[in-house]
Amino acid sequence: MQEGKIVIFSAPSGTGKTTLVQWLLTQGLNLGFSVSATSRPPRNTEVDGKDYFFLTPADFRQKIEANAFLEWEEVYTDKFYGTLRSEVERMMADGRNVLLDIDVKGGLNIKQQYGSKALAVFIKPPSIDVLCQRLEKRGTESADVIRERLEKASFELSFAPKFDAVIVNDDLETAKQNCLEEVRSFISTDPND
Ligand code: 5GP
């Protein structure tokens with residue numbers, strides 16, 4: 001059985017990355033979603049163990065000590081997020097491909113660790129203005145949080161050239177097809193070729 005591969009999706013918050021990731025999971029690519037751990041509180045509809053493993057800051061720190069993360073970041077002030085080694089290794093060993101929805105720095109970190117076994121995709125908003133409108137429309141964050149996320153977005157955009165592929169999410173249907181093409185082609189290629 002061939003070991004699974006890793007597909008990383010990173011993007012500034014509000015770019016539509018989660019929508020694209022959720023859609024890709026339904027496209028018959030033998031992709032499993034790696035559920036991350038976070039110390040931020042759940043949003044309304046989020047389910048523990050499905051969207052994230054929601055941990056207290058103390059539990060999160062304990063997992064860092066126990067080397068349970070492939071990578072972790074303080075993505076926003078006091079908000080920790082980490083990719084669980086157990087999630088990724090279990091799925092890869094089962095021959096499944098693993099889809100990660102993680103921040104830009106974490107994405108590049110995993111890419112560095114896994115090299116040609118990983119595809120790092122950067123989803124880009126058409127512009128910062130459009131990103132601002134989308135975050136306001138989503139209505140899940142306060143004005144302060146939106147401001148913090150927009151400031152961070154400009155910084156994150158500067159990392160786009162380091163990714164294997166950059167896909168602009170202007171028209172959602174076009175972005176979906178572009179993602180599908182990239183991921184399908186990567187998954188069907190033997191890394192030893
Ligand atoms: P949100 O709070 O909107 O769910 O996520 C905020 C950011 O943290 C997003 O860019 C998301 O992709 C990222 N994120 C989620 N899980 C992880 C993780 O395990 N590691 C890192 N580095 N970032 C993550």
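Biologist: What is the orientation of α1 and α7 to each other?
Modeller: They are oblique to each other. This is a predicted model, where local features need pLDDT of at least 70, side-chain atom pairs count only at pLDDT 80 or more, and totals for chains, interfaces and linings use all residues. Residues are numbered from 1 along each chain as its sequence is written, and side-chain values use heavy atoms, with hydrogens and water left out.

Biologist: Why oblique?
Modeller: The axes of α1 (residues 17-24) and α7 (residues 172-187) cross at roughly 55°, so the two helices count as oblique. Under 35 degrees is roughly parallel, over 145 roughly antiparallel, 65 to 115 roughly perpendicular, and the rest oblique. Axes are lines fitted to C-alpha atoms, for helices over the stretch in contact, with angles from 0 to 180 degrees between N-to-C directions. Helices (H or I, at least four residues) and strands (E, at least two) are DSSP runs, numbered from the N terminus.

Biologist: Within what distance do the axes of α1 and α7 come?
Modeller: Within 10 Å.

Biologist: New topic. How many aromatic pairs are there?
Modeller: Seven. Rings of Phe, Tyr and Trp (its six-membered ring) pair if their centres lie within 6.5 Å; planes under 30 degrees apart are stacked, over 60 edge-to-face, the rest tilted. One of the pairs is W72 with F80, tilted, at 5.9 Å centre to centre and 45° between the planes.

Biologist: Which cluster holds W72 and F80?
Modeller: One aromatic cluster of F60, F69, W72 and F80. W72 is partly exposed at 36% relative accessibility. Buried means under 20% relative accessible area, exposed over 50%, partly exposed in between (1.4 Å probe, protein chains only).

Biologist: What about F122 and F163?
Modeller: That pair is edge-to-face, 5.2 Å centre to centre, with 65° between the planes. It links distant parts of the chain, 41 residues apart. F122 is in strand β8 (residues 118-124), and F163 is in the loop between α6 (143-157) and β9 (165-168).

Biologist: Is F122 buried or exposed?
Modeller: F122 is buried, at 0%. F163 is buried too, at 7%.

Biologist: Which ring does the charged end of K5 sit over?
Modeller: The ring of F186, 4.5 Å from its centre. K152 has its charged end over the ring of Y76, 5.6 Å from the centre. The rule wants NZ of Lys or CZ of Arg within 6 Å of the ring centre and within 35 degrees of the ring normal.
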